[in-house]
Amino acid sequence: MGPFLETFIGGLMTGMLYSLVALGFVLIFKASGVFNFAQGAMVLFAALAMARFAEWIPALLGIEHKALVNLMAFILAMGVMVMLAWVVERFVLGKLVNQEGVTLLMATLGITYFMDGFKLGVQFSLSQVALKALPVVILGGLTSVPGAIVGGLIIGVGEKLSEVYIGPMLGGGIEIWFAYALALLFLLVRPQGLYGEKIIDRV
């Protein structure tokens, strides 16, 4: 497989992760009008929880059948996330009903950084995926489900290809800022995103 195809496929896989998180942002915003910044952290927390359970179950229970281990890990991770969602709703968001949107945004941001402290044995920041998903939402459009998917794939593939083919000429690091630069460009020329609705205020 050629280097270009490998990079392209790697970008698609990364883009699908961005799209998944961005899709959560869009659906929650469309349903509640609140931009839940903690969405990305919770998605990744669930994935890491399942990975940890998949490692612990064989050692603790002696089960080696991978399909059964993964199924058990999935069920346990789902249980953890249900409990976590209940705690967040009961003790944080439930207390902020009818508050200003910026208050809810700051609350979800605080939840993100709190969860960022639980790495579950991985040297990986839970907030990184959420931060990368924000440009995806800007690119695709805040209220667009197809936009979240297309935007994620564009950014995932774009940052990988740029890092490999343009990065060496600029000293590398393009993958870090590519998504934000693209989002800034769209805010300047098409603030509603690719599929977002253009808002026209009449005086």
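Predicted model: local features only at pLDDT ≥ 70, side-chain atom pairs only at ≥ 80, totals over all residues.
I started with Tyr165, which is partly exposed at 41% relative accessibility (buried is under 20% relative accessible area, exposed over 50%, partly exposed in between, with a 1.4 Å probe and protein chains only). Residues are numbered from 1 along each chain as its sequence is written, and side-chain values use heavy atoms, leaving out hydrogens and water.

Next I looked up Phe4, also partly exposed, with a relative accessible area of 47%. Phe4 and Tyr165 make a tilted aromatic pair, 6.3 Å centre to centre with 45 degrees between the planes (rings of Phe, Tyr and Trp, the last by its six-membered ring, pair if their centres lie within 6.5 Å; planes under 30 degrees apart are stacked, over 60 edge-to-face, the rest tilted). I saw that this pair joins distant parts of the chain, since Phe4 is in helix 1 and Tyr165 in helix 6, 161 residues apart (helices are DSSP runs of H or I, at least four residues, numbered from the N terminus).

How many aromatic pairs are there in the whole structure? My search turned up 4. The Phe4 and Phe8 rings have centres 6.2 Å apart and planes at 20 degrees, so I noted them as stacked. Both lie in helix 1, 4 residues apart, about one turn of the helix. Ring pairs link Phe4, Phe8 and Tyr165 into a cluster.

Last, I checked Arg90: its charged end sits over the ring of Phe91, 5.3 Å from the centre (NZ of Lys or CZ of Arg must be within 6 Å of the ring centre and within 35 degrees of the ring normal).

How values were computed
Helix = DSSP H or I, 4+ residues; strand = E, 2+ residues; numbered from the N terminus.
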